[in-house]
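Come along and follow the entries with me.

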Amino acid sequence: MAINDRISDLISDLQTNPNSFADQIGVKSPVIYNIIKGRRSKPSYDLLQKILITYSAINANWLLKGEGPIWKENKDSIALDQGYESIENRIVSLVENLRGDLGLNPSLEELSELIKTLLKENMHQRNKIQALYTKQDKILELLRNKLSLDL
């Protein structure tokens, strides 16, 4: 499978469209269309790097060589991680805008740090919950296999 097809498959797997995908990775839509539909030009190193940075859970071997699965981990956790990243990016942007309007303000800096701390703690708790679900799945699988139960 050609790298163009893998990028097209990635867009489908993300349940998005070429325009949104281009926005997510920070390129113009025609670049993506030329890779997956139009001239089927080969993606540049910069484009591949942007994909791998934006979607850090993509298996680079799959993207570059077509080897292995698309994702290094569970795709559902990736969507959550990206949600947290976009919230954090939005907060950083809002704080920067407020700094421009208000100048340096100790209360604003404290608020910014508190929000970052809350986001990190929230992510930590999400990871703990995800680990518990993984353990639960392993226990259920063990019970299914050992006791021939249909759980």
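Entry one. I looked up helix α2 (residues 18–25) and helix α4 (residues 45–54) in this predicted model. Their axes cross at roughly 85 degrees and come within 9 Å. Angles of 65 to 115 degrees count as roughly perpendicular, so that is how α2 and α4 lie to each other. On the α2 side I found Phe 21, Gln 24 and Ile 25, which meet Leu 47, Lys 50, Ile 51 and Thr 54 of α4. Sorted by class, this contact has 4 nonpolar, 2 polar and 1 charged residues.

Entry two. Next I turned to helix α1 (residues 3–13) and helix α3 (residues 29–36), whose axes are 8 Å apart at an angle of about 120 degrees. That angle makes α1 oblique to α3. Asn 4, Ile 7, Ser 8 and Ile 11 make the contact from α1, and Ile 32, Ile 35 and Ile 36 from α3. I noted 5 nonpolar, 2 polar and no charged residues here.

Entry three. How many salt bridges does a search of the whole structure find? I got 3. Lys 65 pairs with Glu 67, with 3.8 Å between the closest N and O atoms. Lys 65 is exposed at 52% relative accessibility, while Glu 67 is partly exposed at 42%.

Glu 96, Arg 99 and Glu 109 turned out to be linked in a network of salt bridges. Between Glu 96 and Arg 99 the closest N and O atoms are 2.5 Å apart, and these two residues are separated by about one helical turn in helix α6 (residues 75–102). For Arg 99 and Glu 109 I noted 2.6 Å. This pair links helix α6 with helix α7 (residues 106–147).

Conventions. Residues numbered from 1 in each chain as written. Predicted model: local features only at pLDDT ≥ 70, side-chain atom pairs only at ≥ 80, totals over all residues. Heavy atoms only, no water. Axes fitted to C-alpha atoms, helices over the stretch in contact; angles between N-to-C directions. Helix = DSSP H or I, 4+ residues; strand = E, 2+ residues; numbered from the N terminus. Parallel < 35°, antiparallel > 145°, perpendicular 65-115°, else oblique. Contact = heavy atoms within 4.5 Å. Nonpolar A, V, L, I, M, F, W, Y, C, P; charged D, E, K, R; others polar. Salt bridge = Lys/Arg side-chain N within 4 Å of Asp/Glu carboxyl O. Buried < 20%, exposed > 50% of the residue type's maximum accessible area, 1.4 Å probe, protein only.
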